[in-house]
Every structure is written in structure tokens, then in C-alpha cells.
Amino acid sequence: MFSFRKKSVDPAQEASWFARLRQGLRKTGSQLAAVFGDVRVDEALFEELETALIASDAGLDATRHLLERLRARVVRDRLETAQEVKAALADELARLLAPLEREFDPTVRKPFVVMVAGVNGAGKTTSIGKLAQWLQGHGLSVLLAAGDTFRAAAREQLAAWGARSRIDVVAQSGGDPAAVIYDAIAAARARGTDVVIADTAGRLPTQLHLMEELKKIRRVIAKADPTAPHAVLLVLDANTGQNALAQVKAFDEALGLTGLVLTKLDGTAKGGVIAAIAQTRPVPLAFIGVGEGIDDLQPFAAREFAAALLD
Amino acid sequence: MLDNLTQRLARAMKTIRGEARLTEANIADALREVRMALLEADVALPVVREFIAQVKEKALGEEVVGSLTPGQALVGVVQRELTALMGGAAAGLELAVAPPAVILMAGLQGSGKTTTTGKLAKHLKGELRKKPLVVSCDVYRPAAIEQLKTVAAQAGVDFFPSTAGEKPVDIARRALEHARTHYHDVLLVDTAGRLGIDEPMMKEIAELEAALAPAETLFVVDAMQGQDAVNVAKAFGAALPLTGVILTKLDGDARGGAALSVRHVTGKPIKFAGVGEKLDGLEAFHPERMAARILGMGDILSLVEEARKGVDEAEAKRLAEKVRKGKGFDLEDFKGQIQQMKKMGGFASLVDKLPAQFAQAAAQSPQALDDRALARVEGIINSMTRAERARPELIKASRKRRIATGAGVPVQEVNRLLNQFAEMQKMMKQMQKGGLQKMMRAMKHLLPGGPR
């Protein structure tokens, strides 16, 4: 069994994605970095830190938690320079985020069935395209199921992604999303495909009938294979504010999430809401999207993420 | 997780109930609560800071009207300022130019531009009786053009075909020419989602704007957006002469603080709100509802409003004076209170509007909060003479029988009312001031069937 993060990613590639994440997060970083000049450790420093964390969407609770821990640490370790405080904050942030680090291993089953859900416009279909590419890069065969039978041209969008990386897409015109995904799993089994990724239509958690539909899709997947779905991923837009917490909660309650995908980290959005999620509803963060290119989807690493955020 | 702002203000203001004016000292804690509520609603921090300073300025010296507590009065100020900041009356589209009037859509990826373009086209065709043409300049995202084509067919409007191989400016020019020669009133131009920091893409949309000279350049914003809304709005506002904002996905449960951030940064009116994926899900934007939503305070605002409207201020003062002294509060005054309650939509609706903890307390005695019981009490009082209302101790057995017959209730109910009224008078003597909540609690005991 090979480990995805540790061995199969070569160091050069790793360095490059770290650079990209860092570049993506540079805005946050510069904001935070501006805080750590050669200032002495005083109340103004903490206030500025609080501002920076809140501006990253970390939320009030997580911000308060981090600052409390930081204050205790400043006293305990007798930190004196702003640099030391910065390192301590990065460490506290990494500690908070560490439980979200979980290896995504799609080789435990065959076919490994991944169900993808999220609100409208979070970037589900794009993320699926990137995820498929990532899996292919690790030598796995992939089949996509066009389960978004609702939105105009969603199927065509997935098909275009499939064509780009030469991946088959199972689709029906119109019809029932659960049936499309069921067929895709059957097809994958027949063809000996390694991974099936099922797209679903975007929905807001307040649309209760659509949340019920999602539960039904999950049940039908279990009919095709009693052990499936092996992964249920929620795609979150890094631009989202505190509502991301409500999304995680609602989708987790409906589906039992195994992981999150945080997209659009290449903009000025900080994705600090992950800290709030780690604080109140720690669902593992499987992948982060750090760019628009097809291989800009990367596994999440807490320490790197925290470091890049504070760089 | 999100505490009702009013509850939190109630906590913060506990110590100062009964003060007649808002002062720097007595609103400091409450303003901190407002700040937190706004941050939890995703209003961007710089906007929050400015807003709080503004509210503070406006609130100082504000009189605490009628039966309101200072906390409620402050909520009133916050809500008024928030509504004002988000613009007064809903602004429509400005399309009074030589046709075809161009509407350019701009925004981040996934903010809902294409769906909104379809909704706008349908709105233009249906309500405004225009002949719109839609075109997609999104040559980047796979199947984006296909999506707009489907949406246009659903909306029953004309679609100008484009291909991913073309340059967006060329597509736009051809579409404009087509619209002109085919007598379309409005050309809706959908564009690719883009990041504010993506310079080539921002340059591209600026070029589109220059080539099209749109009547409306609309910035599409996701209601779920967080703190970064300020940066994005700044970037789009700098690259494009925006004329308005459309807030999408308002049918979710996000508090929508981004609306305030974007309004504040761009200074442009929010023209529409998008709800749902169906093409008729486009609504006029209501600043006051959005203000209440951002504050997360349900209907307490309408209670504040009702209290303002319903309370005759002089009458309220006279009553408060009586209550404070603990004497002279008679059945006539009590009847006045019941009528005031009715003006506010009756007991049940009043309870609905109360902050949770009071509503809960009230719900524990459901019969007490029955509007019919309230009407019966009023009927009993109506059957009394003026002298009897002023001096209930006059009412002995034969008067009771007369009153009961007049009101159509058993004598026991008259007895119960009198007993409870006596109890209430006693309670009022203990009360220093007559805040609304105290009045409520007192009312509860007074009503037939209530806990005694």
C-alpha cells in the first residue's frame, strides 16, 4: 500500500504546491505579516492579531480560543519578540487544524465510491475534474457520474472535464440522479475501474426536500454496494463566511461527511473559516483548491496551511 | 450558536433598565454586543468599525420611548442606521437609454451570474414587457455558454450563440450589433467568474465595459460571502463603473452581512435579491428586512415599531407615573392596556415577537395568553360603570351579578378578575418602573386561567 501524501508526491512537486498555496494566501499573510514588525508584545499587538484572524473568517469563537492560548503561551514561555509570538500563533493554529488532517486513501476498496455534495456555486464540478486528474496522476482509473441532473448544462460541464483528462462520464439526459450514480457504480464494477466520483446538484441546506433527495442518493449508492459510499465530500467555497459552519453541520447530519474540499483559495479569501470548523465541527479537510489549473487540488497539511497563512 | 441580538442586549443592558436616555456609559456593553452580532453575520471588520462609530453618535441622547427598555431603543437606532446604510426604497433598473440598453454582469466564480442573468431576462420580458437578448462571454468555464443557452430557453428569451474559441470583446460587439439590427430593447451580457486580483481578467472585463457602454453594470454577490467581500467589492468597483448590486442565494440561512460590506464599499444600491434556482426567484431588495436578518433578531424590530406606533406617548407617561406611584391604576387603565395590546396585533402575536426567553416563559401558561380570554376580560370591564372601574372595591354581590350577566360570563370569572386585579395592584406597588416585560408578567397573573 502506498501512501499518497508521503511517498508518491515528489519533493519538487510538493515545493511547487506549497509555493502556490503560499502565493494564494499571500494577501492574508501580508496582512498578518504586517502585524509582526519589530513591535513589542503588548495589547495593541494582540488586538491587531485579533483583527487579522477575524478578517480571515476565523470567526469569533476560534479567534478568541487562539488568542487565549497564545496569551497563555506568551506568559509561560516568556516570549518577548513579535517574531516569537508569530511562531507561537502559527503553532497554535496548526494544532487547532491538525485534527482535520486525514489521509485520503482510495485504494481500500474497488471501486472506491466518492460522493460529492455542496451548495450552489461552491465549485463541485470543477473540484471533481481536478480530483479525477489527481487520482489519475496516482495511477488510478476513474469514472465520473453526472448526478447533477438539475442545473442547466451541468452534465456538459462534467463531460468537458472528463474529455480534458480522458475520463469516461456516465450520464443520462434528465432523469434521476440516484439512478445515474447507481448505473455508474455498476459500470465501474464491470470495467474494473478503481474510483467512481458522483457529482450531485448544488443545494442550500434550507431546501429540505433537496436534502432529503441527497439522503436518498446515498441510500441508493448503498444498494449498489453495501460498503459505499466510501467517501462523502462536502465542497466549501473559501469565500464563504460563518455560514460554512452551518453547511458542514447540515450536510454532515444528512450524509455523514468523511471530508471537506476547500476551493477558491487562490483569491483574496483566506479560508480562515476552517479554524472555526476545526473548533466546532471537526470534519477532516481532504483537499484544498489553490488555483484554477487542473492540478491545483492538493491534500491538506495543517502545518503548511498555518505557516502559509501567517507567512 | 447565534444568540438573538436582542437577548444579548437585554443581558448587557440589565443594569441600566429604567434610564430615560442612552448615554456613552450605558451603551458601551451593548455596542460591543452589536459589534459581535455584525461580525458573526459576516459584515467585514472595517465596515463594522465605521458603523459602530456612527450608531454611537446617533444613539447618544436618544430618548427611551414609552414602554421600551434602553436595549430595545438601541436596537431601534441600530436597525434604522442599518436600513439607511443599505439604501432606502428599492431601486429598479435604469434602462432609459437608446435601445439596446446593455446590462453587464460581473462577479466571482460561483456567485450566480448565469442563473441571475436568466432571472433578469425573464423579469425584463415578463414584468417590464421588454424584448431581451442574452449572450455569454464566458469562454473559460466548460459548458458555461451551453448553460446560458438552456437558461434562456427556460426563460423564453432570445439567445445569441457564442463559442469558446472567440474573444469575449468580439462576442460582445457582435451581440450588440445583432441586438441593434433585430430590435432588442435590452442586451444582457453574462461574463466569466473572475478573481479581483486576477489582473488580465479584470482588464478583460474593463474592456468589455468600454466596448459596450452598459446602462447597468451589475455586481453579483453571494449572500454567504465572508469578510473578503470588502476586498472583492473594492477590486470590482475599481475596475468597473458599477451601477448596482444583486445579492444571490438569499434563500439560504446565511445572515448576509456581505450585503452591508458591499453596499458600503461600492456605494451602489442593491437592486435585486435572488432566491432559489427557479427563474422567477428574483425579488426586490428590502433594506429593512435585510437589516433585521443581519442582526439576527427576528421580529423584535416590528415590536419596537409597533410600540412606537401603538403607544400614545403622553398616555404611556401618565400610566407609567401611576404605576410608579403604585396607586391610581384602575380597571379603566387596565382596559387601555388591553386595547393597546390589541393594537399591537393581539397577545399571541406580541408573544411571538418577544425575545426567546420571554416567549418561553409566556408559553408555559398557554391559556393565559389566549386572545379570547383577553376579550372576555375586556367585556367584563366594559360591563362596569365608570365608578366601578375607578374603585373596584365598590363591587359587591349584586353588582357582580349584574356585571356577569352583562358580559355573559359566570360570576366566578368576575371574581377572578377582581382578585387578580387586586394582586396586580399590589405587585405594581413593588415595581419601581413599568417596563414592558414587567407589564407582561403582571398581565399573565391577571388573566383568567393563569397561574395564581
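In the predicted model, the contact between the two chains (heavy atoms within 4.5 Å) takes 39 residues from chain A and 34 residues from chain B. About 3,200 Å² is buried between chain A and chain B, 58% of it on carbon and sulfur atoms; buried area is the accessible area (1.4 Å probe) that two parts lose on being put together, summed over both. Local features need pLDDT of at least 70 and side-chain atom pairs count only at pLDDT 80 or more, whereas totals for chains, interfaces and linings use all residues. Residues are numbered from 1 along each chain as its sequence is written, chains are lettered from A in the order in which they are written, and side-chain values use heavy atoms, without hydrogens and water.

One salt bridge is found across the interface of chain A and chain B, the criterion being a side-chain nitrogen of Lys or Arg within 4 Å of a carboxyl oxygen of Asp or Glu. The salt bridge joins Lys270(A) to Asp228(B), with the closest N and O atoms 3.3 Å apart. On the side of chain A that touches chain B, at least two residues each come from helices H3 (43-55), H4 (60-76), H7 (154-164) and H10 (243-255) of chain A, helices being DSSP runs (H or I) of at least four residues. H7(A) gives the largest share, five residues.

Within chain A, the axes of H4(A) and H11(A) (residues 273-280) come within 8 Å and cross at roughly 80°, which makes H4(A) roughly perpendicular to H11(A) (65 to 115 degrees). Axes are lines fitted to C-alpha atoms over the stretch in contact, with angles from 0 to 180 degrees between N-to-C directions. Asp61(A), Ala62(A) and His65(A) of H4(A) meet Ala275(A), Ala276(A) and Gln279(A) of H11(A).

Definitions and conventions:
Parallel < 35°, antiparallel > 145°, perpendicular 65-115°, else oblique.
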